[in-house]
Amino acid sequence: MLLFAIAAGISGASAAEIPQNAVNLTMQQNASDPTQIIVDVNYSDDLQDVDQTIAVDAKLELLSGNITGSEIKWYYTGDLNGPFANYTVPEGVNVVWLSSFTNAPVPQGQAKLYMEDGKSYRWLFVIENAKGKVFTVRANSTAFQMGPDGPENETVLNSTQLTVDLQPHFTLENLTVTPVAGSAPLDITVTVKITNTGVEDDFTAELRINGDVKDTETVNVSTGETVTVTFTYTLPAGLYNVTVNDLAPVSVTSTPSVPTASPAPGIYRNNVTVTLAGPEGSVIYYTLNGSNPTVNSTRYTAPILLTKSATLKFIAVVNGASSAVSSASYTVMKPVTLSYYVKVKVKKWYRKWYRYMGKWRYSWRYYWTYRYVKRTSSYWQIT
């Protein structure tokens, strides 16, 4: 508990007889600066007849939280622009007297209030430099009899309690990412609105892509203000989850460029070896049956030898993103030998019977006849 007490001599009666409305005590955050907590102690002229052995105190109790390092200023003229005494709260302190205040006008217990009819006396206590803290304080206005050994018979005149949250409270919303799909490298624009319903402070927005922070921007956001933060970023090929801080991510596809085939599609004799090439870091998948490939198709690992005509379809996959389908048709020609028979004329020997000679004689005379002869020829045929 943090306690500071203000003791002042009064004239007239016992502590129990002091009217409760003689001391008005309020505590609130400064409307123009919420980081200031103002305790307003206002003494009315109802105290003018109270005995001088009666003291009136203001007590501030810290019920929860921590304000170590904060500063308490006592504006003893009741004017926030007037003179003040100050005290910086050290750790572990639970009682702070006026004599502890630097430049306090009088030591504790020696302040005197001489009330006049129709006049009042006011003190202001301001807690500052507590930004970022959450705490609960209770302010009491009290009266007690001043005895030879100090105050006695404390009587609470009135009391008020305040829970103070001097932290910023940022809300992120309206995350937009444009475009959400396109050809790599893909330039995206990411915007988000940041609203602060707490104390003015700086907020650092983090652009996160697949969980990794890629860029940051720090902005100052006042109480009740909404600020728009914009990021630009270039995505290589792949699938990405894009967000700012912990907002639900937006899926973005940066489509890789289509792979290529070499040699070019066309007609080739005998066999053809096809080499596929994709963008850097890609994995290529292909089919030879005319269907569109997927990541479940054959993975390209080495040049493809085509021994017959085929339509080669293939894709490149980078970081989970697939390119458009590339297609290349190859016609493979193979040599074919054809055997067939043709009818041709041939020369033959013949013999003739000579009657006058009474015998056969062979003549070298030729004559043409026809027969089928086997022949072969070669040509290129599509396989």
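User: Which side chains meet in a salt bridge at 3.2 Å, N to O?

Analyst: Those of Lys-73 and Glu-128, where a salt bridge is a side-chain nitrogen of Lys or Arg within 4 Å of a carboxyl oxygen of Asp or Glu. The pair links distant parts of the chain, with Lys-73 in strand E6 and Glu-128 in strand E10, 55 residues apart; strands (E, at least two residues) and helices (H or I, at least four) are DSSP runs numbered from the N terminus. This is a predicted model, in which local features need pLDDT of at least 70 and side-chain atom pairs count only at pLDDT 80 or more, while totals for chains, interfaces and linings use all residues. Residues are numbered from 1 along each chain as its sequence is written, and side-chain values use heavy atoms, with hydrogens and water left out.

User: Are those two buried or exposed?

Analyst: Both Lys-73 and Glu-128 are buried, buried being under 20% relative accessible area, exposed over 50% and partly exposed in between, with a 1.4 Å probe and protein chains only.

User: How many salt bridges does the structure hold?

Analyst: The structure holds six, including one in which the side chains of Arg-208 and Asp-246 meet at 2.8 Å, N to O. Arg-208 lies in strand E16 and Asp-246 in the loop between strand E19 (238-244) and strand E20 (250-255), so the pair ties together parts that are 38 residues apart in sequence. Arg-208 is partly exposed at 22% relative accessible area, whereas Asp-246 counts as exposed at 68%.

User: Switching to rings, how many aromatic pairs are there?

Analyst: There are six aromatic pairs, taking rings of Phe, Tyr and Trp (its six-membered ring) with centres within 6.5 Å, and calling planes under 30 degrees apart stacked, over 60 edge-to-face and the rest tilted. Among them, Trp-74 and Phe-125 are stacked, at 6.0 Å centre to centre and 10 degrees between the planes. That pair joins strand E6 (residues 71-75) to strand E10 (residues 121-128), its members being 51 residues apart, and both Trp-74 and Phe-125 are buried.

User: Why is the pair of Phe-170 and Phe-203 tilted?

Analyst: The ring centres of Phe-170 and Phe-203 are 4.8 Å apart and their planes stand at 50 degrees, so the pair is tilted. Phe-170 is partly exposed at 23% relative accessible area, while Phe-203 is buried at 12%.
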